[in-house]
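Let me put the model up and then walk through a few charged residues.

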Amino acid sequence: MKIEHLIGRNVRRIREARGLSQADLGRAVEDQLGHAWSRQAVSAAEKGRRSFAASDLLALSRVLESTIPDLLLPVERWAESAIELGDGVHVAVAEYRDRVLRHGDERGASRAVTRADVRELATTVVRLKQQLDAVHATAAGLEADVSAAVGTADPVSDPRAHDHADRLEGGAGGSDI
C-alpha cells in the first residue's frame, strides 16, 4: 500500500469518527495552514492522490484531535506486508511501525502507545475483571456451601469448617491452619 493511501484512509476514518464532512475538514485546515482545502482536495487526500507535507500532517492531527502516528499507522496491525514509499521502494510494516513509534532514544526502549493499543488493553482489563468477578462469585458460593454444611456463618474462622473440609477430602480431621 502506498503511504499516501494509508494516510488518506486514516484521515477519512478519523474525520468520519469525528462527524466532520469533507467540507468541514477543509475549512478547519485553514486555521492551521492559512488556506482552506476544497472538498475536492480533501477527497483527493483521502483517496491517496496527493502527498502530505509535515505541516499538513501536523495541521490534520490538530484539526482531527489525533496524533501524527494515528495518521501514519495502519489500523489493522498486519493488514499489509509492506508500505510503498515511492518508485517501488517498500518498507516492511513492522519496520515502518517501529520507526513511526520510536521516540528518538537510541535503544528504542521508549515507545508511543497508539489508541488501538489502549483499546486493546481496555478490552483485556474488562475481560479480566469479568473473570475475577466470576472467581469471587464461585468463592462466595463455596463459602456458603461450607457454612451450610457446618452450620456457621463464618466458615473461614470456624475450625469445624476445616474439620468438615478434611473429612470431605478424606483427611484425618483437624485444622492445620
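Helices here are DSSP runs of H or I with at least four residues, strands are E runs of at least two, and both are numbered from the N terminus. Quick housekeeping: it's a predicted model, so local features need pLDDT of at least 70 and side-chain atom pairs count only at pLDDT 80 or more, while totals for chains, interfaces and linings use all residues. Residues are numbered from 1 along each chain as its sequence is written, and side-chain values use heavy atoms, with hydrogens and water left out.

First stop, glutamate 65, in the loop between α4 (54-63) and α5 (68-72). Its phi is near 50°, positive in a residue that isn't glycine.

Now, salt bridges, meaning a side-chain nitrogen of Lys or Arg within 4 Å of a carboxyl oxygen of Asp or Glu. The structure has 6. Take aspartate 56, which sits in helix α4. Its side chain pairs with that of arginine 50, at 2.8 Å from N to O. Salt bridges with shared partners also tie Arg12, Arg15, Glu16 and Glu46 into one network. Apart from neighbours within four places in sequence, aspartate 56 has contacts (heavy atoms within 4.5 Å) with Leu33, Trp37, Arg50 and Ser51.

Glutamate 16 bridges to arginine 12 at 2.9 Å, N to O; both are in helix α1 (residues 3-17), 4 residues apart, about one turn. Arginine 15 also bridges to glutamate 16, with the closest N and O atoms 3.8 Å apart.
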